[in-house]
Amino acid sequence: MGRVVRGQRKGAGSIFRSHTFHRKGAAKLRKLDYSERKGYLRGVVKDIIHDPGRGAPLAKVQFNNLYHLRKETETFIAVEGLYTGQYVYCGKKAQLAIGNVLPVGLLPEGTIISNIEEKPGDRGAIARASGNYSTVIGHSENGEMTRLKLPSGAKKVVSARARATIGIVAGGGRIDKPLLKAGRAYHKYKAKRNEWPRVRGVAMNPVDHPHGGGNHQHIGHASTVRRDAPPGQKVGLIAARRTGRLRGTKQIIEKSSDK
């Protein structure tokens, strides 16, 4: 009977839970209400802040409450070009400008967008990491669906009523600068969760990991493992569709509709 491997221990939480104490709160779009569905609202960017454990800066945007005499502050993901004191507009009738939030069905093809809703009203799920963006490729003939190109290069169809922020997420180029030393990696992951340093399985003993042991560091069997493998065996390339390097240039074939 081997030891409980690291992947199993992570499931229980404990020391592997995320470090959320210093975080500034969930970054979401406004709750979808009547004023956004039929018209627009104006907010003002009060502050742009750093969120520990997140590469992208956040914007504190203040709106007037529509039913009571008070202000409401929302936390948006900041886009490139956003500044304090800027007015941002959210809603169906907002203009096409950096920082504004509109339904994707109203955006022209080629528009650069971020923090996109997967389903109308979920307040943002796609293209939220620093420097990320999606592109509007096209709309369905009935105007109910919109096709997007995601940061991964994949294509996705979402509802035309799903909202998105105009512009690229700020904080881009973050991974261009190398960490250079262990101390920087230590502080980077200290803000996130316990996931660094990461000992390789082949560097362990057989009791600690399925890849451990043997003369010379080698796995000794295929690194792929089936989806229904028991915990403790389920390490390596889990249910891999393919393995190895991605060779050659990426060929994206678009089907042109002759209509």
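P197 sits in the loop between α3 and β11 (224–225), where helices (H or I, at least four residues) and strands (E, at least two) are DSSP runs numbered from the N terminus. The peptide bond leading from W196 into P197 is cis, with omega near -5°. The model is a predicted one, with local features needing pLDDT of at least 70 and side-chain atom pairs counting only at pLDDT 80 or more, while totals for chains, interfaces and linings use all residues. Residues are numbered from 1 along each chain as its sequence is written, and side-chain values use heavy atoms, with hydrogens and water left out.

Positive phi values turn up as well. L180, not a glycine, has a positive phi of about 70°, and its place is in the loop between β10 and α3. At 73% relative accessibility, L180 counts as exposed (buried means under 20% relative accessible area, exposed over 50%, and partly exposed in between, with a 1.4 Å probe and protein chains only). A239, also a residue other than glycine, has a positive phi near 50°. A239 belongs to the segment after β12 (237–238) and is partly exposed, with a relative accessible area of 29%.

On to the aromatic rings. Rings of Phe, Tyr and Trp (its six-membered ring) pair if their centres lie within 6.5 Å; planes under 30 degrees apart count as stacked, over 60 as edge-to-face and the rest as tilted. By this rule there are 2 aromatic pairs. Y40 and Y89 have ring centres 5.8 Å apart and planes at 65°, so this pair is edge-to-face. Y40 lies in strand β1 (residues 40–49) and Y89 in strand β4 (residues 87–91), so the pair ties together parts that are 49 residues apart in sequence. Both residues are partly exposed, Y40 at 48% and Y89 at 26%.

F63 and F76 form a tilted pair, 6.1 Å centre to centre and with 50° between the planes. Here F63 comes from strand β2 (residues 58–64) and F76 from strand β3 (residues 71–77), 13 residues apart. F63 is buried at 1% relative accessibility, and F76 is buried too, at 6%.

Charges also sit over rings, meaning that NZ of Lys or CZ of Arg is within 6 Å of the ring centre and within 35 degrees of the ring normal. The charged end of R30 is placed this way over F63, 5.3 Å from the ring centre. R42 lies over the face of Y87, at 3.8 Å from the ring centre.

What does the side chain of N100 reach? It gets to the backbone nitrogen of Y89, at 3.0 Å. N100 is found in the loop between β4 and β5 (101–103) and is buried, with a relative accessible area of 3%. Leaving aside residues up to four places away in sequence, N100 touches Y87, V88, Y89, Q95, A164, T165 and I166 (contact means heavy atoms within 4.5 Å).

R174 is in the loop between β10 (163–166) and α3 (182–190). At 40% relative accessibility, R174 counts as partly exposed. With residues up to four places away in sequence again left out, R174 touches G55 and S130. R174 and L58 are 116 residues apart in sequence and 15 Å apart in space, C-alpha to C-alpha.

How values were computed
Polar contact = N/O pair within 3.5 Å; in protein donor to acceptor, adjacent residues only side chain to side chain.
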